[in-house]
Amino acid sequence: MRIMTKTFRTGLFLTLAAALPGCSGGNDTVKRDAQPPCVIIYLVDTLRPDHLDPYGYDGATSPRLAAFARDAVLFRRAYSPSSWTKPAVASIMTSLYPLEHGAMEKRDRLSDRTTTAAERFRAAGFETAAFVSSPWIIPAFGFDRGFEHFDVVTHNGGVKGTQAPQIFDALESFWKDRSADKPLFLYIHTKEPHAPYAPPARYRRGEQPGENAMMEKDVTAGTRDEAIALYDGEIRYNDDYFGRLLDLLAADSLYDRSVIVYTADHGEEFLEHGDTGHGKRLWEELVRVPLLIKFPGERGGGSAVDDPVSLLDILPTLLDAAGVPLTGDSLSGRTLAAAASPPFQMAKRDLFMEEPRDAVELIAVRRGDYKAILRTRPKESFLLFDLARDGSEKTDIAAEKSSLAAELRSELFARLGARETGYVLYALGGKATHELSGVIRVSGEVVSLTDHNVGGDDELERSRREIRFRFHMAKPDDEVVAGFRAISPRRTIAFRTDPPGAEATFELYLDGDPIDPAMVGLGSDRRSVAGLPVSIDPGRGDALFEGRRLPSKREKKELPMEIVIGYRHVAEKVDIDERTEADLRALGYLK
């Protein structure tokens, strides 16, 4: 049984580059050097890179992937922006972080304000198809947008029992009837080695019973080795079907001219930090993922990139490789297409991992060799690691690197500032000490007010129709550890109104004088203002943050301060149908 939808936006508003070979079968009469390549994402759910042959694993789990790696560029330090499926895949499809695309919690729907990979490729003239076996990647959550063919492949009435054979049966059925004169954007989401760990008998090691299966909760110190052996068997099982895809492409003379991405949405924990499964922490074993990209003609094949990269980089890379230009809206990822011509080096940047959901709120950042993890609930904590010396994240060095810890902690709090629908004001200070003050007046009522990094001598007051504040902002001292939030160079306040989105007017002062309008930007693109006070009406689309970058860093460093003001919509919550709810419960996602 399959669920197929045809939901896409019409209109061919993008032009295609004419420098890459085409993606049609061997009998195609279309001029191949005037067509873009076939574009494929093959995603393996819950896959750790350190259990794969090309990443140095000695378990012989992935011989077909090892052969593929000789034609592809391998990224040794690729990161997922989340440790569970829905936000990670949404980030692949939009090149936005979870806090930007909003699909973070179990019932969140991918916002219609974002533009997906399938919509971009469909608009560029590609045929678009997806074959998935995850209860999270379904039309109810908005993942079918842009796909002409979207198959949620089920088995025995649900996706719980769907395995690679059913995925490839559906793919091969589609393949026989697909358009021969169009390039193809194809997304394949396979479930093995996601729990239950239960590979077929021929993929099991030694004396493992052929019917034995384990869930994450069954993994203990005494059963860990058995669980890992079953997990590895599932990887080997999936690898055969990845090879089957490559054979299908080769038989149609498409392999050489295709762009193929092999990756995962997240990893899996086997008691390295005392827990199992995924979706609860942001340790390396959960957010490090495999990433291999084969470019047309196998350019760059066999090379490897050590610089940290993100799953958000996949979409801009594919657009770049296929000659599909962006449409003016910003993406948070960067193209990796230059890796096809080694040597390749990424510009330095921060990579974020975000898990703000349910009873646990976590956010992390990798900056160079350092990684910081902030937890705000159920109990606040902050950890800092030097991954060059401590890749297993066992030694917290926040006290030793107090200045860096203060800076990263402040930045992570700032990213969490716009957690709910409502107004957000970010104040991004500099090296000098300044006093920022202001009054915010709303046409309705202020019904909630939250803040980050407000403390010490700062003042923040809320009345029925006004918010007044006075912040003393300075660069943190190297010696400061405890209490540094009170002198952080950043402040964030967020508030909601009744009625929602009531017009708000912002009046701002720097050191007692009206602030220079050049220091103020509206929304994620930091649109300039003509003067102050400035009024925002979200109903007119003013100053929105939805589906765009959050302002965690200054852009105008020559100014003493930057103020970014905007309004954010969180993702729409949707009801889950009974069949999907049953699948999620069977897989342990719902209680």
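Tutor: Gladly! Accessible areas here come from the Shrake-Rupley method with a 1.4 Å probe. On that basis the chain of this predicted model exposes about 22,400 Å², and carbon and sulfur atoms supply 48% of that area.

Student: What share of the residues in the chain is buried?

Tutor: Buried means under 20% relative accessible area. Of the 591 residues in the chain, 59% are buried. The chain holds ten helices and 32 strands.

Student: Why is Pro343 called exposed?

Tutor: The cut-off for exposed is over 50% relative accessible area. Pro343 has 82% relative accessibility, so Pro343 counts as exposed. You will find Pro343 in the loop between helix 8 (314-321) and strand 16 (350-357). Pro343 and Ala304 are 39 residues apart in sequence, with 9.0 Å between their C-alpha atoms.

Student: What makes strand 2 largely enclosed by the rest of the structure?

Tutor: Seven of the seven residues of strand 2 (residues 38-44) are buried, so the strand is largely enclosed. Cys38, Ile40, Tyr42 and Val44 point one way, Val39, Ile41 and Leu43 point the other way, and all are buried.

Student: How do you know that strand 2 pairs with strand 9?

Tutor: Two strands pair if DSSP finds at least two bridges between them. Strand 2 and strand 9 (residues 258-264) share seven bridges in the parallel sense, and Val44 has Ala264 as its bridge partner there. Strand 2 also pairs in the parallel sense with strand 8 (residues 184-190), over six bridges; Ile40 stands opposite Leu186 in strand 8.

Student: What makes strand 12 and strand 15 edge strands?

Tutor: Start with their sheet: an open one of three strands, ordered 12-4-15, with mixed pairing. Strand 12 (288-289) and strand 15 (309-310) each pair on one side only, and they are the edge strands. Strand 4 (residues 78-79) pairs with strand 15 in the parallel sense over two bridges, and Ala78 stands opposite Val309.

Student: How do you know that the span of helix 5 agrees with its number of residues?

Tutor: The expected span is 1.5 Å times one less than the number of residues. The 14 residues of helix 5 (residues 164-177) should therefore span 20 Å, and the end C-alpha atoms are 21 Å apart, which agrees.

Student: Which residues of helix 5 are buried?

Tutor: Ala164, Pro165, Gln166, Ile167, Phe168, Ala170, Leu171, Phe174 and Trp175 are the buried residues of helix 5.

Methods: Residues numbered from 1 in each chain as written. Predicted model: local features only at pLDDT ≥ 70, side-chain atom pairs only at ≥ 80, totals over all residues. Heavy atoms only, no water. Helix = DSSP H or I, 4+ residues; strand = E, 2+ residues; numbered from the N terminus. Buried < 20%, exposed > 50% of the residue type's maximum accessible area, 1.4 Å probe, protein only.
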